[in-house]
Amino acid sequence: MAEYITGVITFSLIYVIATVGLAVFTGFTGLFSLGHAAFFAIGAYTASILSYFYDVNFYLALAAGTAMAALVGAIIGYPTLKAKLRSDYFAIATLGFGEAVRVLLENLDITQGARGLPGIPNETTLTVVVVTTILVIWIARNFVNSRYGRAAIAVREDFVAAEMMGINLFQVRIRSLVFSAMTAGLAGGLFAHYVCFIQPGMFTAYLSTQLTASVVAGGMGSITGPVVAAVLFVAIPEALRVASMWRLVAYGFLLVAIMIFRPQGLFGFKEISWNDFRRLFKKGGA
Amino acid sequence: MFIQTLVTGLAIGGIYALMAVGYSLVFSILNFSNFAYGSIIMLGAYIGYFSLMKMGVPVYGAIIASIIGAAFLCLLNERLAYSTLRKRNASSLYFMISAMGTSIFLENLVYATIGSRFYAFPEVLTQQNISFGGVSIGLLDVFAIVFSFTAIYALHYFLQNSRTGIAIRAASYDMQVSQLNGVNISKTIGWVFLLAGALAGISGMFLGMKYMVYPTMGWITNKAYIAAVIGGLGSLPGAVVGGLLLGVLETFVSAYVSSVVRDVFSFSLLVILLLVLPTGLFGKFLEEKV
């Protein structure tokens, strides 16, 4: 049982890592990506191929996966963001990108196609994941509070006005896209070394949807909101596993319900901070 | 070989065009990507299959049942998942997530209730060929072409000539101004979803006959999105041209190169085209709304 709980926590945190990056991209630039499963897959495959076929050290492999995802993010982001695609066009372009990567993974020799890669060394432990999560959240928080982060918020609120104030739209967007690709790649690497088996079927548009949905449900423009939403979206279906297929039915229903009844997301623009906890205890004491 | 491939391509392209038109119709009026459309197509196929096989309705009856069923499901989808957002003037992002939620909900509802089995239509319908000057062409393909074009023409005629059609065109041009001029927006949008659903029913039926009926068959609407984007989102002639172009090109690629690269080809075509023509072939240049 303890092992099972550890497993659920590890999974949730891996999703949290990917979600935080996407929260920085979608939540802080207003663009909507439906292809982040591709970055997740690129990170997972790069890291596993290195550690599986070439016996590269786990941390080096993780770093390589992250770097690869960042590189691909820059390659796909440069033309699409330069062309200033409207939000729907951008969303569909990323959807296409995600599917194209999946089809490629299914047909390359090194990825062993649809059979996938079995027997990846099990290196991801709870400690590693916890440390990485804290690190990623810390970096994301600093990014959001930095000059670049505030520029990104300005872009989200009103990109025409932001551009007039001298903010380089393209630079802000590509920087946050590359950051989110990196965290997705990192999460992918951790995922692969935790489940020890990956195949292209794991990285479908469904995964991308889940990541984006966590961001929107948690509240666009918040970091902690999506973190909580990501945990809920992984942990609750896990807890409801007895209900098998019905849990995904409930998940879809929940998404629609959140959009209708609480469009600002569970947490809106608020961040959960230590002060909230302090206040909570003060109330309890008084 | 060439003519045979062309006809197959046109048949697939016709179905893509149907889906892309349905999708573009919704986009033109509400300005968002209706990701639930694939699930409506899937449900249309199920309705067609079950009324044909389990209730003994003749083929044409099954097609009509699937059209009517899908049309009402599509309307229901709008009333439950989008109308509240519409009244609140929410941004298209919320519509998209709501649509995705609907799609996940419907797909898994089918898994949970009907199961993940693949259903195939009887072979009598799908295996007939007509020979014509040395090439044999599937009867189903011919049917798909004829039916798709008839449906698209009927839609075009309806939009150009009926009062509702004029209201739809006015609303897609400027919703607020048309409302000021006495167009009942809620009713007009209801019509749009009914029409899009009807197209979903036809395309679902043909897709089911050509391939099979199963819960995730809605993924094929990805191709419809691509077709609509190639033609320019919200443009109906663009959707038709985009669908045909994509269907024919894809069939030629899978016939002459390999069927493996077919999907990669379509997606790369999408990305490349977006870079050259960011609003598609027939798209108006739309700035992001401020």
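Predicted model: local features only at pLDDT ≥ 70, side-chain atom pairs only at ≥ 80, totals over all residues.
1. For reading the labels, residues are numbered from 1 along each chain as its sequence is written, chains are lettered from A in the order in which they are written, and side-chain values use heavy atoms, with hydrogens and water left out.

2. Where does Thr94(A) sit? It is in helix H4 (residues 87-107) of chain A; helices are DSSP runs of H or I with at least four residues, strands are E runs of at least two, and both are numbered from the N terminus. Thr94(A) counts as buried because its relative accessibility is 10% (buried is under 20% relative accessible area, exposed over 50%, partly exposed in between, with a 1.4 Å probe and protein chains only). Leaving aside neighbours within four places in sequence, Thr94(A) is in contact (heavy atoms within 4.5 Å) with Phe32(A), Ser33(A), Leu34(A) and Gly35(A).

3. Chain A as a whole has 12 helices and 2 strands, in the order α-α-α-α-β-α-α-α-α-β-α-α-α-α along the sequence. Of its 286 residues, 57% are buried. Among chain A contacts between residues at least 6 apart in sequence, 82% join residues at least 24 apart.

4. Now the interface: 46 residues of chain B are in contact with 41 residues of chain A. The two chains bury about 4,000 Å² between them, 77% of it on carbon and sulfur atoms (buried area is the accessible area, 1.4 Å probe, that two parts lose on being put together, summed over both). On the chain B side, the elements giving two or more residues are H1 (2-30), H3 (59-87), H4 (92-113), H10 (221-231) and H12. H4(B) supplies the largest share, 16 residues.

5. How many salt bridges does the rule find across the interface of chain B and chain A? The count is 0, taking a salt bridge as a side-chain nitrogen of Lys or Arg within 4 Å of a carboxyl oxygen of Asp or Glu.

6. Leu277(B) counts as partly exposed because its relative accessibility is 35%.
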